[in-house]
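Q: Could you walk me through this model? I'd like to start with the charged contacts and then move on to the rest.

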Amino acid sequence: MSMAQVSPPSPGSPSPAPASGAPSTVRLDVRTGTSTVTSYAVGEIGFLLGSVPGCDLRLPGSNLPPVLALIARQANGASVRKLAPIGGLLLNGHPVTHSPLQDGDRITFGPVEITVSLSVPAPVPVMRVRLYDGSEGPAEAPDRLLRERAEKLAEVRAELEHREETLREERNDLAVQRNEIAERTEQLAKQAEDLNGVRREMTELRQRLYQRYRQGRDRLAGLQQSVRRAARRLQERKRRFEAELLQARALTSGDGDPRTELTA
């Protein structure tokens with residue numbers, strides 16, 4: 001008897017046979033850009049979307065949240081819950097935080113597109129037979145799944161702690177840089193104030209020098225004017241003296257040599 005092929009389940013996610021009251025079967029058809037479609041089956045503990053090891057689907061890209069969203073199975077369908085405050089998670093083109101899923105819904109995040117396929121099991125009694133292959137005991141399979149999920153969560157937690165430590169270091173570096181910028185700004189403000197003081201002193205000194213220059217120029221102009229007046233007076237005295245001398249010569253020209261009289 002041939003068996004119908006189903007999409008491979010996600011690692012560590014068992015898919016029990018449908019039974020009355022059993023959760024729905026959820027298949028996710030994932031396409032990234034123009035790549036081919038890859039199908040995943042959502043297990044009982046859900047399907048985790050993120051960027052760190054341990055997620056069922058690791059999203060491509062940089063600066064992404066470690067854990068983005070969780071797709072969970074329910075008795076009457078499935079739901080999607082956003083786990084990160086950032087990231088553009090869309091359901092049928094609209095932002096989503098927590099919403100039930102319907103058959104054919106499209107979940108998109110950047111170039112990643114996920115098509116949801118739901119099939120609700122009919123309430124028909126089904127006999128389930130588990131074959132023991134000797135590799136592990138009947139109680140070991142659930143324990144192994146829980147251990148694997150715990151290891152994944154531990155890896156996610158470690159990655160989150162590492163990122164938080166990196167963010168703390170970056171915040172500390174930014175705080176140091178902010179303090180340095182504040183100190184440099186204060187130094188520049190003080191230098192600008194000192195420069196303004198020097199400029200004011202230079203302006204006052206220039207004004208005093210110009211005032212002294214004007215005073216000296218005015219004093220020199222006064223002295224020059226006094227010298228010119230004195231020269232004019234001297235010229236006038238010289239002319240009067242020469243006129244008096246000529247007059248004296250004229251008066252003494254008939255009586256004798258005036259030079260003799262002047263020298264006698």
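Q: Is Lys152 buried or exposed?
A: Lys152 counts as buried, at 17% relative accessibility; buried here means under 20% relative accessible area, exposed over 50%, and partly exposed in between, with a 1.4 Å probe and protein chains only. Bear in mind that this is a predicted model, in which local features need pLDDT of at least 70 and side-chain atom pairs count only at pLDDT 80 or more, while totals for chains, interfaces and linings use all residues. Residues are numbered from 1 along each chain as its sequence is written, and side-chain values use heavy atoms, with hydrogens and water left out.

Q: Which residue does Lys152 form a salt bridge with?
A: Lys152 forms a salt bridge with Asp56, the closest N and O atoms being 3.8 Å apart; a salt bridge is a side-chain nitrogen of Lys or Arg within 4 Å of a carboxyl oxygen of Asp or Glu. This pair links distant parts of the chain, since Lys152 lies in helix α1 and Asp56 in the loop between β3 and β4, 96 residues apart. Helices (H or I, at least four residues) and strands (E, at least two) are DSSP runs, numbered from the N terminus. Asp56 also counts as buried, at 9% relative accessibility.

Q: Which residues are linked with Asp56 in a network?
A: Arg149 and Lys152 are linked with Asp56 in a network of salt bridges.

Q: How many salt bridges does the structure hold?
A: The structure holds eight. Among them, Arg27 and Asp29 meet through their side chains at 3.1 Å, N to O; Arg27 is partly exposed at 33% relative accessibility, whereas Asp29 is buried at 16%. Another one joins the side chains of Arg217 and Asp218 at 4.0 Å, N to O, with Arg217 partly exposed at 40% and Asp218 partly exposed at 49%.

Q: Switching to the sheet, what's the strand order?
A: The open sheet of five strands has the order β4-β3-β5-β6-β9, with mixed pairing; two strands pair if DSSP finds at least two bridges between them. At the edges stand β4 (57-58) and β9 (98-101), each with a single partner strand, so one side of each has no neighbour in the sheet.

Q: And in which sense do β3 and β4 pair?
A: Strand β3 (residues 47-50) pairs with β4 in the parallel sense, over two bridges, and the bridge partner of Gly50 in β4 is Arg58.

Q: What about the largest nonpolar core, which residues touch the most other members?
A: Of its 25 residues, Leu28, Ile71, Val80, Leu89, Leu101, Ile107 and Ile114 touch the most other members; such a core is a set of buried Ala, Val, Leu, Ile, Met, Phe, Trp, Tyr and Cys residues joined through side-chain atoms within 4.5 Å. The largest share of this core, four residues, comes from β11.

Q: How many aromatic pairs are there?
A: There are two, where rings of Phe, Tyr and Trp (its six-membered ring) pair if their centres lie within 6.5 Å, and planes under 30 degrees apart count as stacked, over 60 as edge-to-face and the rest as tilted. Tyr40 and Phe47 form a tilted pair, 5.5 Å centre to centre with 55 degrees between the planes, and Phe47 is buried at 0% relative accessibility. Tyr210 and Tyr213 form a tilted pair at 6.3 Å centre to centre, with 35 degrees between the planes. Because Tyr210 and Tyr213 are three residues apart in helix α1 (residues 140-252), about one helical turn separates them.
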